[in-house]
Amino acid sequence: MLKLVFKIGMLISIFLALSISAFANTGSVHIKNATVLTITQGDLENTDVLIIDGKITQIGQNLQTPRGVDILDAEGMYVMPGIIDSHSHLAITRGVNEWMNPVSAEVTMKDVLNPNDVGIYRALAGGVTSAQIKHGSANVIGGRSATVKFRFGESAADFIFEGAPQLIKFALGENPTRVHGQGRGIQPRTRMGVEQVVRETFDAALDYRARRNAYLEAKELHDRRPRRNPAPQPVPKNLRLEVVADILEGKVLVQSHCYRADEILMLMRVFNDYGVENYTFHHITEGYKVIPELVANNAAASSFMDWWAFKFEAYFATSYSPAMMFQQGVLTSLHSDSPALIRHMNHEAAKAVKYGGLTKNEALKLITINPAIQMGISDRVGSLEVGKDGDISIWSAHPLSIYAVNQYTFVDGVQRFNINEDPDDMRLQVDPEFDFTYRGNITGREHDACLENLFYLFDSTGQIHSHSHSHSHSH
Amino acid sequence: MIRKLLFIGIALFVFDSTVFAQAIPARAYTNVIITHHDGETERGHIVWRGNKIEAVGSGITIPFDAKVIDGGDSLYVYPGFIDGLSHIGSPDVPSNLPRVDNPGKPGNERAGIQPQRKPSDHLEDSNNPYEGWKKSGFSSSAIALKGFMLPGQVEFFSLQGSNTINHVISSNVGIFSQFEISQGVYPSTLMGIMAQFRQLWYDAQAHKEHKRLYASNAQMYEIPEHKPVLDAFIPVIRREQPVFFLVDTKEDIERAVKLFEELNFKLIIVSGKEAWRTADVLQSKNIPVLASFDIPGKPDWMKDEEADEEISEEEQNFRERQELAWNQATTNVFNLLQSGVTVGFASAGMSAGDFIDNVQLMHEQGLSKNQILRILTENTATVLNQSSNYGRIGAGYAANFSVWAKSILEEDSSPMALISNGILNEF
């Protein structure tokens, strides 16, 4: 009897597991005779990877091909996990920043994904299979992220990485102080103000949650025994403070834009005061200055490799920083923050071998398993292991070689990029009224950027300049 | 004198029990070709009195008092078309909105959150903006004001030229929403509108509950504040009114459907130019579409069939894709019907001058005459919850129909007369 119950329990749990990863469009493929860079279990020569219905079922030599499964002969090629970009503003419709309020936790990028963005295909061509699609950096507490898989060709809802933890953007320093303080004369005007916005919002959320919970409890009592318990006056659900309260309860993980050591220390102090854990600093150009503190607080880093000096707060930087953080125990990744850079994240990783002496395996961790851990999806992606998702890129040479070109990209075992079947026009939709010569906005760093839509606020020196449309760096 | 009046009264009563109606003389079109809402055609007569149709058919008796126009067996009559959502007569959206000190809290009006506004309080009809639609055969229209995220209520009007504003057939038809931001204030993005819509809903739920509790025990609860914006949501929360959501792309339709699923309101998709891409979802969730007939023009190269120019392989590929896209856009409505979606019509900002040409083009692209008529009449009336009185030519229905010299599908066709709410307009 117990056995039967156990069996039924197993069946139910298998059913539940299947229903959580509910995305239906999965594929199968047998990749043969490749050099397999597993990331977590070494590099394997002349090895096969078998993906069945979207999951890696076997990794080994001379595997049998199940009936009906396509074979991909990858002799001489390198197989690695699909690259994961922990910071992207790709594929967002009509606004990266809800920039009218310094706190906008209520908005979510999940509402505004644009599955037709051809940039997704370009990212797939660079071997990227997952990304954190982030709100911009105009607000101290920005919007919630969408963790996505690049299932190009599917609907927006199908891009959502099932079961991934909810992440949220924070931003420190010049961007929120320029937009809100200089731009409008409201808090935060200074770095001190940024800290106060965080603290005041946290306090408001604690207060809200207490009031809301008290109401819900009283209402439940009333619903159960209406005569003994009078109906409480409603406390409306407040979406913004709900999300902030969830940050304080560890249900939403912070991913904060930052540059300077002092603001990094500031946010860790605030988080310690409120018990916030499991957060990641993004850009973190001065991360190398505060490595012991990052380690002590178990804070992760999603770093630029060699982008700096585009504004005052980003002057003190070095390409050695990611390797230094990695070697001293900070969970470190690299990100693109750019629809161009996302196409060659392998080059970014390679720089960490040159600057700081990471091993090749360590360098690849910066764009695979480490961002996966930071985003809470490492049980599914980030390394090639039996049971993980069939998210894979296959390269003509070792991916850290400048000569390596990505040949194939698979997501859930479905081939989403094949260099041999790569026509000129990969847009999903063509406008019936556009002329052939219309190219749209295909260049310009104003798009898919941290401060998209806000560039007109600043002149070329970064000062508020409401009448011009001149550029300022986005990061 | 009294005797005489009494005699007339009795005489009227004998002729017809609708004594009061008899005081208004009847009118009639005789010997016309009547095409009904479902495309069925009959030759016969239409008699109407006041704003109601009294009798239709070939065997009916024309009342002695009727003023008759003889159609001479050659005039076509269609039910009055119904516009499921228009902005006719709406003032334009103000262009220079004032700067606010704290754009995060701009106030509802500045943010374009005005679901309590009624079109009948705001329409500007001094230059008779309704005329173009009347001349296309439209006798009634649901009207929403132009605006931003929540511009106001939807009201159903009889199109009566410059006097339309005084001819509300039905208020409280629904509230109108769209993904449009008001510049320079919160919500300033699409994601902001999504969040704000949810927040308004939560606030309205609490407001509704608070008012209910206060009404049950005034001593125990705080006096509810006057909140007309939230009050406008209450019938929507109760599912007594739908939300008319103007959305076109597949992704925007999916966003409206997402809100519908989260909040459980009655949803009507307005315009829906790419609705065919989500037809399965709309059909399975029973969400009707008031479809736009505003279809894209043919690309130049498609018009010029004789052209024999050398083009690159890339351009050839583009042309094939563009032709497919154009065909998809012009068969949107047809494909929605094929999928079993309820489809009505909404002008939703389109120009009246394009209407008949586009109807004919959509007919060439597969939409049958019967389908077109049903969409423009009974289907729209049903979606607007007005089908008991509108959308058909039949005894007891509103006297709304148009008279044409030739079939609507013939070249250069247009109505020669429109009977709207019983009033004859000759063009």
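This is a predicted model: local features need pLDDT of at least 70, side-chain atom pairs count only at pLDDT 80 or more; totals for chains, interfaces and linings use all residues.
Reader: Do β4 and β13 of chain B run parallel or antiparallel, and how many bridges join them?

Author: Strands of a sheet pair through backbone hydrogen bonds, either parallel or antiparallel. In chain B, β4 covers residues 67-79 and β13 covers residues 401-404. One of the facing pairs puts B:P79 opposite B:F401. The two strands run antiparallel, and the number of bridges is 4.

Reader: There is another open sheet in chain B, with 8 strands. Which strands stand at its edges?

Author: Its order is β5-β6-β7-β8-β9-β10-β11-β12, and the pairing is mixed. Neighbouring strands here are turned by 30 degrees against each other on average, direction ignored. A single partner strand for each edge strand means that one side of each has no neighbour in the sheet, and the strands concerned are β5 (81-86) and β12 (343-345) of chain B.

Reader: Which residue stands opposite B:F157 in β8 of chain B?

Author: β7 and β8 of chain B run antiparallel and are joined by 5 bridges. Across from B:F157, the residue in β8 is B:V168.

Reader: Where does B:I165 lie, and which residues is B:I165 in contact with, leaving aside neighbours within four places in sequence?

Author: B:I165 is in the loop between β7 (152-158) and β8 (168-178) of chain B. The C-alpha atom of B:I165 is separated by 34 Å from that of B:F334, 169 residues apart along the chain. With the sequence neighbours left out, the contacts of B:I165 are B:S120, B:L123, B:D125 and B:F157.

Reader: How many residues of each chain are in contact, and what is the area buried between chain A and chain B?

Author: Each side can be counted: 48 residues of chain A are in contact with 48 residues of chain B. On the side of chain A, the residues that lose the most area are A:R94, A:D111 and A:F436, together 18% of what that side buries. Carbon and sulfur atoms give 54% of the total buried area, which is about 3900 Å².

Reader: How many nonpolar, polar and charged residues has the side of chain A that touches chain B?

Author: The interface has 25 residue pairs in polar contact. Helices α4 (174-184) and α6 (239-248) of chain A each supply at least two residues of the side that touches chain B. By class, that side has 21 nonpolar, 12 polar and 15 charged residues.

Reader: How many residues apart are A:K55 and A:D389?

Author: The two form a salt bridge, their closest N and O atoms being 2.6 Å apart. A:K55 is in strand β3 (residues 55-60) of chain A, while A:D389 is in the loop between α12 (369-374) and β15 (392-395). The pair links distant parts of the chain, 334 residues apart.

Note on methods. Residues are numbered from 1 along each chain as its sequence is written. Chains are lettered from A and ligands numbered from 1 in the order in which they are written. Side-chain values use heavy atoms; hydrogens and water are left out. Contact means heavy atoms within 4.5 Å. Buried area is the accessible area (1.4 Å probe) that two parts lose on being put together, summed over both. A polar contact is a pair of N or O atoms within 3.5 Å; within protein, one must be able to donate a hydrogen and the other to accept it, and residues adjacent in sequence count only if both atoms are side-chain atoms. Ala, Val, Leu, Ile, Met, Phe, Trp, Tyr, Cys and Pro count as nonpolar, Asp, Glu, Lys and Arg as charged, and the others, Gly among them, as polar. Two strands pair if DSSP finds at least two bridges between them. A salt bridge is a side-chain nitrogen of Lys or Arg within 4 Å of a carboxyl oxygen of Asp or Glu. Axes are lines fitted to C-alpha atoms, for helices over the stretch in contact, and angles run from 0 to 180 degrees between N-to-C directions.
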